[in-house]
Amino acid sequence: MPLLCLPPLSPLRCAQALSCLVAFSTAAAGGRWLPGEGPGCAAAWALSCAGSALLLGAEAWRRLPARRDLPLAHAAAAATACAAATVLWPLGHLRDGGGGGGGNNDGAGPRALRAAAAVASGLATALYGAEVLRDRARPGQAAPFLATPAGLLKVAEAALSLVLLGLAAEQGAGAGPEAWRWCLGLYCGAFAVGLALVAGCLCGACGACAAEPERARRALGLYAAAGVAAYAAASVLWPLYGFREELGGRARRPPGCGPACPWDRVVLVAVLSGLGLGLYGLDLAQCGRVLVLRG
């Protein structure tokens with residue numbers, strides 16, 4: 001890899017690929033993974049690394065995409081995925097000396113490897129975030145929609161919805177209380193619509209909307225408003241049925257609950273639902289500001 005990371009290849013992109021590769025490798029060497037979140041974290045690192053490697057190959061062959069929003073969309077999605085992995089991995093694989101393997105995998109060596117995976121994941125998050133901050137479109141600058149702050153928000157929203165969908169499904173939301181099934185449907189719908197929007201923009205559909213910019217802005221405003229409503233409902237329903245004992249939840253972490261404690265994941269889903277509400281709220285506020293300024 002170091003031989004491939006010579007100029008004119010991007011040092012930042014090389015560092016991104018290397019950090020994800022280190023995270024994946026040290027996690028694999030640190031013992032067995034917890035079911036669900038272990039493979040999920042590994043998939044986040046592997047897919048982020050693969051995307052960066054493809055972009056590095058395109059750089060090496062002077063075949064980078066003409067549209068600047070494709071690398072930026074990848075960086076925003078990878079930053080969100082690696083940030084989720086940075087939280088999830090130590091929650092189950094470092095807390096209370098936990099790990100997926102038990103027995104011989106609980107020694108100092110495997111624990112150090114799992115800790116190195118968490119550090120490398122945090123570094124990857126920072127590196128992908130740095131690319132987004134560096135290359136995003138500035139106010140007044142002509143750029144594809146996904147290269148703008150509003151477009152990058154759409155990518156982060158879709159990626160966060162996928163993380164929430166996986167976590168909620170892992171907690172058995174589909175077989176849980178009806179309110180949790182509603183939340184699962186909300187996360188699934190948010191991801192499907194967000195993915196369709198991002199894919200449409202990457203395929204040039206957002207360029208066609210430039211012919212009717214006012215209608216496009218209003219449609220995006222409705223999308224953000226629907227996201228606010230969906231995540232506001234999830235931010236109330238999920239913790240209500242997760243922490244109210246009269247509704248079948250638990251107000252406190254059960255005593256002696258290990259590193260794979262489901263209660264921790266219920267808390268994480270509640271926190272990430274609030275984060276999703278904040279993202280869509282910021283998106284809606286931005287759409288409203290643009291409509292007022294253009295009105």
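Residues 291-295 keep a pLDDT under 50; pLDDT is the predictor's confidence in each residue, from 0 to 100. For this stretch the model has five contacts beyond four places in sequence, a contact being heavy atoms within 4.5 Å. Residues 101-105 also stay under 50. There the model has seven contacts beyond four places in sequence.

This is a predicted model, in which local features need pLDDT of at least 70 and side-chain atom pairs count only at pLDDT 80 or more, while totals for chains, interfaces and linings use all residues. Residues are numbered from 1 along each chain as its sequence is written, and side-chain values use heavy atoms, with hydrogens and water left out.

**Confidence and fold**

The protein chain has a mean pLDDT of 84. Of its residues, 86% reach 70 or more. Confidence is highest in helix H1, at a mean of 94. It is lowest in helix H7 (residues 205-208), at a mean of 60.

The chain holds nine helices and zero strands. Helices (H or I, at least four residues) and strands (E, at least two) are DSSP runs, numbered from the N terminus. The pattern along the sequence is α-α-α-α-α-α-α-α-α. Of contacts with a separation of 6 or more, 77% join residues 24 or more positions apart. Of the 295 residues, 44% count as buried; buried means under 20% relative accessible area, exposed over 50%, and partly exposed in between (1.4 Å probe, protein chains only).

| Helix | Residues | First to last C-alpha | Expected span |
|---|---|---|---|
| H2 | 24 residues | 34 Å | 34 Å |
| H5 | 22 residues | 31 Å | 32 Å |

H5 is mostly covered, with 17 of its 22 residues buried. After H5 comes Gly 172, with a positive phi near 75°. Just after H2, Arg 62 also takes a positive phi, of about 55°.

Ser 52 sits in helix H2. Ser 52 counts as buried because its relative accessibility is 0%. Leaving out residues up to four places away in sequence, Ser 52 touches Arg 13, Gln 16, Ala 17, His 74 and Tyr 128.

**The core**

The largest nonpolar core has 59 residues. Such a core is a set of buried Ala, Val, Leu, Ile, Met, Phe, Trp, Tyr and Cys residues joined through side-chain atoms within 4.5 Å. Trp 45, Tyr 128, Tyr 187 and Trp 238 have the most contacts inside the largest core. Helices that supply at least two residues each include H1 (11-29), H4 (108-135), H6 (178-202) and H9 (262-294). H3 gives the most, with twelve residues.

What does Trp 45 contact, leaving aside its neighbours within four places in sequence? The partners are Cys 20, Ala 23, Phe 24, Ala 27, Cys 82, Ala 85, Trp 89, Ala 117 and Ser 121.

**Cysteines**

Two of these partners, Cys 20 and Cys 82, are cysteines. How many disulfides does a search of the whole structure find? The search finds zero, with a disulfide taken as a pair of cysteine sulfur atoms within 2.5 Å. Cys 82 is in no disulfide, and the nearest cysteine sulfur, that of Cys 20, is 4.0 Å away. Cys 82 is buried, at 0% relative accessibility. Cys 183 is likewise buried, at 0%.

**Aromatic rings**

Rings of Phe, Tyr and Trp (its six-membered ring) pair if their centres lie within 6.5 Å; planes under 30 degrees apart count as stacked, over 60 as edge-to-face and the rest as tilted. By this rule there are seven aromatic pairs. One of them joins Tyr 187 and Tyr 231, whose ring centres are 6.0 Å apart. The planes of these two rings meet at 45°, so the pair is tilted. Tyr 187 lies in helix H6 and Tyr 231 in helix H8, so the pair ties together parts 44 residues apart in sequence.

Are these two tyrosines buried or exposed? Tyr 187 is buried, with a relative accessible area of 1%. Tyr 231 is buried too, at 2%. Tyr 187 and Tyr 231 form one aromatic cluster with Tyr 223 and Tyr 280.

**A glycine in H9**

Gly 274 lies in helix H9. Its relative accessibility is 35%, so Gly 274 counts as partly exposed. Gly 274 and Ser 235 are 39 residues apart in sequence. In space they are 5.7 Å apart, C-alpha to C-alpha.

Note on methods:
Expected span 1.5 Å × (residues − 1).
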